[in-house]
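Thanks for coming. I'll show the structure, then go through a few of its residues.

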Amino acid sequence: LQKLYSLGCEICFTADHGMKGKTNLNGSLNLIYLQDELNNKFGKDSCNVICTITDPYVVHHGSFGSFVTIYLKNKHEISKIMDYIKTIEGIDLVLTNSESVDKLKQPKDRIGDIVVTSNEKFAIGKKKSDHDLTKLKEPLRTHGGFGESDIPIYLSKKIDQSYKSKGVLRNFDIFDLALNYG
C-alpha cells in the first residue's frame, strides 16, 4: 500500500459488514430459523423466506444474515404474519415492501412482501436443515442489519467537511467520498 501511495495512488478501503459475533456469553449461537418459525405457526406453504446472504462461507457466515425478505402466498395475512414476526426474540425491523422501499431504499421489484432484519446479537437463517455450521471457525457474523452497519472507512487523503451533509455514511459511500470530496 505504501508503494502505491508513494506512486500517487489514493488508497481507500472499508468493510462489507460489522464484526459483532452472534453469540451469547457462553459462546452459543443466537439464531433465528425464520422459515421454520413461520411454517410452524402458519403452515408449510404460507410463505417463502429468502435469505439474501446465501454465501456458505462457513468460516463466519454459514449462509446466515441480518436481512431476509418474505414472499407471501396469501397477501391478506400480511398483518398477522408481521405481528407474529415482531414477537420473535432478536428481530429488529419488520417492514412491508413499500415501507422497506421508503425506509431502506430497497428496489420495490426485487424484494418480497415483507422485509425483516435482526438486531446486532442475532442472525437469521431459513430452515435449520439449510445451514451447516460444523465448519464455523470464527464467531458467526452477518450482513444486512443496522447492527452491522457500523464499519470503518479509510481514505488516504484528507477530505473536506462538506461530506457531513450526507448524513450517515454507508460502505458504498466510499466511492463518492474518494472521488468528490477532496
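A disulfide here is a pair of cysteine sulfur atoms within 2.5 Å. In general, a disulfide is a covalent bond between the sulfur atoms of two cysteines.

Before going on, two notes on the source. This is a predicted model, where local features need pLDDT of at least 70 and side-chain atom pairs count only at pLDDT 80 or more, while totals for chains, interfaces and linings use all residues. Residues are numbered from 1 along each chain as its sequence is written, and side-chain values use heavy atoms, leaving out hydrogens and water.

Back to the cysteines. The structure holds zero disulfides. C9 is in none, and the nearest cysteine sulfur, that of C12, is 10 Å away.

Now accessibility: buried means under 20% relative accessible area, exposed over 50%, and partly exposed in between, with a 1.4 Å probe and protein chains only. C47 is buried because its value is 8%. C9, at 34%, is partly exposed.

Next, K22. Its relative accessibility is 0%, so K22 counts as buried. Among the residues K22 touches, not counting those up to four places away in sequence, are S28, S66, F122 and E148; contact means heavy atoms within 4.5 Å. The side chain of K22 also reaches the backbone oxygen of E120 at 2.7 Å.

Last, S6. S6 is exposed, because its relative accessible area is 54%. A polar atom of the S6 side chain lies 2.8 Å from the backbone oxygen of K3.

Note on methods
Polar contact = N/O pair within 3.5 Å; in protein donor to acceptor, adjacent residues only side chain to side chain.
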